[in-house]
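Subject: Structure handover

Hello,

Here is the structure we talked about. Please look it over, then read the notes below.

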Amino acid sequence: MSLLKVEDLHTEFKTDQGIVHAVRGVSFELNQGEVLGIVGESGSGKSQTMYTIMGLLSENALPVKGKVTFDGKDISAESFKSKKEYNKMMNEIRGNTVAMIFQDPMTFLNPVLKIGTQLIEPIMNHKKVSKKEAYDMAIKLMKQVGIPSAEKRINQYPFEFSGGMRQRIIIAIALACNPKLIIADEPTTALDVTIQAQVLELINSLKEESDSSIIMITHDLGVVAKLCDRVAIMYGGKIVEIGTDREIFYESKHPYTQGLLSCITNPEDDSDEDLQPIPGTPPDLLKPPVGCPFYARCQHAMKICKEQLPETTTFSPTHQCACWLIQAKEASHE
Amino acid sequence: MSETILKVDHLKTYFDVTKGVFAKKQIVKAVDDVSFEVYKNETFGLVGESGCGKSTLGRTIVKLYEPTDGSIEFEGKDISKIKGKELKAYRKDMQMIFQDPYASLNPRMTVGEIIKEPMKIFNIYDTDEEREARVRELLDIVSLKPDHIRRYPAEFSGGQRQRIGIARALAVNPKFIVCDEPISALDASIQAQVINLLKHIQKEMGISYIFIAHDLGMVKHISDRIGVMYLGHIVECGPSDVVYHTPLHPYTQALLSAIPIPDPDVAKAKQRIVLEGEIPSPINTPAGCPFASRCPRATERCRKETPKPVQLGERSVACFLYEK
Amino acid sequence: MSEMKYDPSMFEKLDESEKNDEAIAMESKTFLQDTWRRFCSNKLAILGLVVLVIMILLAVFVPVFSQYTYDGQDLANTNALPSAAHLLGTDKLGRDILVRICSGMRVTLAIGFTSAAINLCIGIVYGGCAGYFGGRVDMTMMRIVDIIDSVPSLLYTIMILMVFGNSVFSMMLAISLTSWITMARQVRAQVMSLKEMEFAMAAKVIGCSDLRILLKHLVVNALGPIIVCLTMMIPSAIFTESSLSFIGIGIQPPACSLGSLANEARQLINTQPLQVVWPVITIALITLSLNFIGDGVGEALEAKR
């Protein structure tokens with residue numbers, strides 16, 4: 001059964017330059033216990049998609065279009081009578097069944113409260129237990145996420161923790177309410193390589209132990225390869241390809257996915273050849289292209305690509321791709 | 001290998017971070033006794049995690065910081081203490097590309113003004129028309145359009161801005177460029193563009209680079225030789241292929257093992273060396289090997305003495321495990 | 001596929017020239033255009049600007065074109081109420097209040113703007129040097145500022161007025177000499193944070209001289225806060241001038257400023273309250289509009305991405 005279902009989601013922002021079309025018709029499904037990676041460059045709309053789903057858009061967002069079903073319940077902004085009602089319901093969901101992990105842990109932790117307070121309160125709220133029991137659970141959680149001498153550190157303030165340790169605290173807070181869904185927005189981007197490895201190992205072991213679903217937003221294909229079961233590739237506010245990890249890494253169909261894979265280096269490879277970069281710059285979503293968002297940088301671009309949005313082709317129950325090349329190939333076979 | 005262009009010898013850059021007049025003296029040893037050489041036409045990669053002193057080292061070499069001790073020889077001349085006219089002449093040969101494309105361009109100047117400024121300062125051309133022509137040429141080299149010349153940095157994307165920064169560095173025809181994490185703020189598809197551009201420029205103009213980064217994959221790709229830094233020290237230094245395939249220092253081993261491999265079958269099967277603990281604070285570092293507190297193979301001796309670099313063929317390693 | 005869904009010609013390769021992969025969607029605007037556009041979107045700031053311009057025009061032209069002069073007495077027509085002949089009435093010596101207020105405004109505005117300009121120059125040079133060179137230079141310069149600041153500014157002002165006499169010039173001198181400190185501190189703080197930015201380092205690496213870095217790279221980028229500080233300074237200079245004139249040690253009659261006009265009218269406050277209202281309203285309008293303009297300019301300069 002799918003836990004989260006998103007259909008034709010649109011998000012727009014009003015800026016003083018004009019209207020930015022950040023998310024332009026995104027649809028996907030997430031199953032129970034699954035890890036979905038959403039990969040894209042900055043400005044591809046990957047974070048805004050998640051913020052839209054969770055009702056966390058900034059003030060200048062225009063009313064959202066599209067349908068979001070979470071755990072069998074319609075939680076799209078459209079379906080609520082008033083904004084107040086929607087916000088009230090989303091607050092409930094965000095605290096109880098969905099946890100979020102952000103890139104910069106400091107935006108999430110309150111700098112003037114002890115780590116303990118910030119951990120114990122959500123536990124007491126969710127589990128309806130006494131303070132003593134909550135304290136014990138907090139210590140257990142801190143140990144679970146690998147914080148040494150948890151009894152001592154629970155009385156410290158966020159500034160006494162390093163970046164990697166803060167990220168662990170956030171993960172502990174996220175786990176406190178046994179969420180059905182964890183949304184992680186670039187959780188390791190701000191960390192150093194060796195610390196990133198620690199946090200990735202932690203997330204990996206959580207994935208095996210709990211049955212929470214995880215949505216992992218990242219630009220790092222290495223992180224995706226390590227953790228994700230399914231991968232969605234976003235470009236220009238749209239999902240251009242979605243599939244299982246092996247379908248994306250070994251059988252990718254979209255030229256953007258292929259380009260992305262060929263322009264990253266594999267340290268195992270010794271060749272001195274030039275990298276294969278994707279030329280140009282991603283489109284500015286202030287004026288998104290009419291056709292395929294990738295046409296201007298695509299080496300296979302055809303006339304139709306500039307004028308019409310590509311149709312989605314299904315290769316397997318899990319693998320879909322939106323590219324005109326597939327139709328062109330079919331046409332030439334006839 | 002060809003001749004040496006830059007020789008850094010026992011370089012130290014310390015910062016006094018003592019707060020208040022009566023507080024205990026606090027010294028950050030950002031760069032502590034570092035020696036290495038860069039050859040002509042070569043790229044020397046510097047890798048390490050944040051706070052290891054790699055950026056300070058780069059900035060000391062371009063003379064943004066004064067070295068505390070040691071020498072920096074550029075084309076056989078010690079430049080560690082030069083000032084005034086000599087320094088200005090050195091700046092013409094030694095340029096820098098910065099990390100943050102959003103902060104390294106003055107937001108109040110147009111692209112043309114930014115690239116023209118160094119030419120004006122060094123009086124490279126007589127007339128403004130010649131300078132303007134050269135700006136267009138440089139924009140073409142970094143694949144930007146000539147009509148971008150009157151635009152402001154804020155109108156460009158991150159990758160485009162980084163290319164403007166490269167054009168500015170090239171404006172004075174330098175012999176050496178220190179690239180201070182030029183790709184870490186960019187998206188993957190854009191990183192490859194910048195790396196290819198830098199390689200292309202090196203081939204065409206014969207410029208030597210120091211390439212600083214924390215992305216080991218990219219550093220290996222662009223560098224001929226690399227140095228691995230930890231807490232102000234170079235712990236291992238050698239040709240990049242050799243260091244990557246047979247890392248000797250325990251830190252290099254852990255660092256390489258931590259790279260996420262973009263291949264699900266390999267990545268999901270791979271056992272990593274996951275280091276315990278965090279990077280210690282660089283303030284008033286204790287004696288001994290800088291890595292001793294996290295090293296899985298540390299001994300008593302490592303906590304007391306600082307290992308000297310041991311030369312093993314083409315590379316050097318600062319670790320007691322390899323002492324003869 | 002049984003039927004051709006698409007025109008096969010559409011599947012021809014797209015010509016390279018039809019791709020613009022370095023396209024920039026944003027319109028190009030110069031810095032001034034952009035700031036002006038942003039400023040215009042702030043209605044209060046525009047209102048402030050309009051009011052201020054009207055005030056300045058009145059101050060400049062009314063005394064020139066009016067049939068009355070600021071010191072022309074008409075003892076037959078004292079303390080007149082507003083009428084067609086005297087729009088704002090006359091004072092106790094029968095002088096036209098409108099003309100007196102406008103010429104008072106001349107003095108007051110001149111003092112305000114000039115002393116703010118002097119403050120700006122001293123502040124940028126002094127604060128810029130302290131912030132840019134840092135370390136011991138900064139330490140010494142800022143301690144000097146602290147010492148100057150530790151003596152009440154009213155004392156200096158009164159002393160200077162005693163020594164140089166109560167002229168407009170000594171008034172400007174007195175106000176500038178004490179209030180540049182705020183500007184210097186503001187500039188210093190801005191320069192200190194900006195000099196750590198990478199573009200300042202880049203300027204150093206491409207061989208810019210210290211002066212060039214300070215003016216062309218640092219101060220230019222600090223203009224937003226500096227202009228806000230400046231627009232707050234003009235009203236404070238006007239206030240100081242008015243207060244001094246009000247307590248009688250400022251501009252001496254028959255010359256007048258808004259402060260001295262209020263002072264003169266104060267003596268008749270029980271019988272002719274309207275005469276106090278005019279100068280006070282004028283001061284309030286000028287200060288308010290300057291504050292609005294300051295806010296608007298500050299926001300317009302700040303918002304640049």
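First, burial: a residue counts as buried if 20 or more other C-beta atoms lie within 10 Å of its own, as exposed if 12 or fewer do, and as partly exposed in between, with C-beta atoms placed from the backbone. This is a predicted model, in which local features need pLDDT of at least 70, side-chain atom pairs count only at pLDDT 80 or more, and totals for chains, interfaces and linings use all residues. Residues are numbered from 1 along each chain as its sequence is written, while chains are lettered from A and ligands numbered from 1 in the order in which they are written.

Positive phi values

His10(B) has a phi near 45°, a positive value in a residue other than glycine. His10(B) sits in strand 1 of chain B. Helices (H or I, at least four residues) and strands (E, at least two) are DSSP runs, numbered from the N terminus. His10(B) is exposed, because it has 12 C-beta neighbours inside 10 Å.

Glu186(A) also has a positive phi, near 45°, and is not glycine. Its place is the loop between strand 7 (181–185) and helix 7 of chain A. Glu186(A) has 19 other C-beta atoms within 10 Å, so it is partly exposed.

Sheet in chain B

Chain B has an open sheet of 4 strands, in the order 2-1-4-5, with antiparallel pairing. Two strands pair if DSSP finds at least two bridges between them. Strand 2 (27–39) and strand 5 (77–78) of chain B are at the edges with a single partner strand each, so one side of each has no neighbour in the sheet. Strand 5 of chain B is joined to strand 4 (residues 69–74) of chain B by 2 bridges. Glu73(B) is opposite Asp78(B) there.

Contact between chains A and B

The contact takes 38 residues from chain A and 36 from chain B. Residues are in contact if their C-beta atoms, placed from the backbone, lie within 7 Å. Helix 7 of chain A gives the most to the chain A side, with 7 residues.

Helix 2 of chain C

Helix 2 (residues 43–65) of chain C bends by about 30° at Leu58(C). The bend is the angle between axes fitted to the seven residues ending at a residue and the seven starting there. Ala45(C), Gly48(C), Ala59(C) and Pro63(C) are buried in helix 2 of chain C. The buried residues of this helix pack against helix 1 (31–40), helix 3 (97–133) and helix 11 (274–302) of chain C.

Best wishes

Terms used. Two residues are in contact if their C-beta atoms, placed from the backbone, lie within 7 Å.
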